[in-house]
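Here is a short report on a protein model, written for reading alongside the coordinates. Please keep the structure open while you go through it.

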Amino acid sequence: MSRHLSRSRRAVIDRIRQLPLGAVFAILFAVTSSALPGANEPASTNRLRVLCYNIHHGRGTDGVVDLERIARVIRTANPDVVALQEVDWKTERTGRVDQTARLAELTGLHGRFGRQIDYEGGQYGQALLSRYPVSEVTIHWLPGEPKRQRRIAVSGLVETSTGTVRFVSTHLHHQNAQFRARQAAELNRLFGTDPVPTILAGDLNALPGSEPLSILFRSWRSATQDESDRFTFPAAQPSKQIDFVLHRPADRFEVVRSAVPDEPVASDHRPLMVELQWSPE
């Protein structure tokens, strides 16, 4: 009996060795996910865990670029969809690494990159990660000046087991309040009447009660609007919320819970985690 079990183990190990590295990570993620927050709860096919995270090109508050550390944060949150801001693609400063592909490999998720600007021999922008296939990925230019790092929104259709949801990542201007207001209005124009249920997540560089958020709230509902302590910045000692998850139409989504994971080092922002229950029809 022991010899038979030993041969079985060897067969499994040999089979795993033949798999691509990304597939191995996906298997390990599935096996270990029972230890992650919320993973032992009854499965619900109409729930989506959404993670919004400005990763600062993987550079932590300790000055170290460490994508494995970012991936651990993502895996621990156990999200279905992830909106990442400040992502590098083969730039000199981050070792010519395709950060979206690497994070997809480390988390077992699908990854799609959206270019914002050319930078240091590569590109800089945003990324979508998803447990489900993502199609029709589109880069939408937002108002601003190219010389002042014009901003984008990256959208894609996520084909969940329940239905299709549009998922959008964005990063509004960090210095110019007038740009932020115009960018918010453009996001409303682009997605405010979309017949597809839509989730918008990003670093909005704006505080609750500010003009950009007031503009956005004409079309969107914030998943944390009933919470006053979802501070995401600065990571070491967060004192304000500038990262948000918004959704529309309001009657298609219900917030189950939200949280800011306790991660003070991996980036200069902390991630925002939101679980939504949604109806595709």
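The report covers confidence, the sheet, the nonpolar cores and the aromatic pairs.

**Basis and confidence**

This is a predicted model: local features need pLDDT of at least 70, side-chain atom pairs count only at pLDDT 80 or more, and totals for chains, interfaces and linings use all residues. Residues are numbered from 1 along each chain as its sequence is written, and side-chain values use heavy atoms, with hydrogens and water left out.

The mean pLDDT (the predictor's confidence in each residue, from 0 to 100) is 87 for the protein. Of its residues, 84% reach 70 or more. Residues 1–6 have pLDDT below 50. Beyond near neighbours in sequence, this stretch has zero contacts in the model (contact means heavy atoms within 4.5 Å). Residues 19–43 also have pLDDT below 50, but that stretch has 29 contacts beyond near neighbours in sequence. Where pLDDT is low, the predicted coordinates should not be read in detail.

**The sheet**

Helices (H or I, at least four residues) and strands (E, at least two) are DSSP runs, numbered from the N terminus. Six strands form an open sheet with mixed pairing, in the order 3-4-2-1-12-11. Two strands pair if DSSP finds at least two bridges between them. Strand 3 (110–119) and strand 11 are the edge strands, and each pairs on one side only. From one strand to the next, the twist averages 20 degrees.

Helix 3 (residues 67–77) packs on the sheet. Helix 3 touches strand 1, strand 2, strand 4 (122–130) and strand 12. Its direction makes about 160 degrees with that of strand 1; axes are lines fitted to C-alpha atoms, for helices over the stretch in contact, and angles run from 0 to 180 degrees between N-to-C directions.

| Strands | Sense | Bridges |
|---|---|---|
| Strand 1, strand 2 | parallel | five bridges |
| Strand 1, strand 12 | antiparallel | six bridges |
| Strand 11, strand 12 | antiparallel | six bridges |

N54 stands opposite Q85 in strand 2. R47 stands opposite Q277 in strand 12. R257 has E275 in strand 12 as its bridge partner.

Six of the seven residues of strand 12 are buried, so strand 12 is largely enclosed by the rest of the structure. Buried means under 20% relative accessible area, exposed over 50%, and partly exposed in between (1.4 Å probe, protein chains only).

**Nonpolar cores**

A nonpolar core is a set of buried Ala, Val, Leu, Ile, Met, Phe, Trp, Tyr and Cys residues joined through side-chain atoms within 4.5 Å. The largest has 22 residues. V50, F167, I199 and V245 have the most contacts inside it. Strand 12 gives the most to this core, with four residues.

Leaving aside neighbours within four places in sequence, F167 is in contact with residues including V50, V81, L128, V154 and I199. Apart from this core lies another, of 20 residues, among them L67, A77, L106 and L109.

**Aromatic pairs**

The structure holds two aromatic pairs. Rings of Phe, Tyr and Trp (its six-membered ring) pair if their centres lie within 6.5 Å; planes under 30 degrees apart count as stacked, over 60 as edge-to-face and the rest as tilted.

The rings of Y119 and Y124 have centres 6.4 Å apart and planes at 50 degrees, so this pair is tilted. Y119 is partly exposed at 31% relative accessibility, whereas Y124 is buried at 8%.

F253 and W278 are stacked, at 6.3 Å centre to centre and 20 degrees between the planes. F253 lies in strand 11 (residues 253–259) and W278 in strand 12 (residues 272–278), so the pair ties together parts 25 residues apart in sequence. F253 is buried at 8% relative accessibility, and W278 is buried at 2%.
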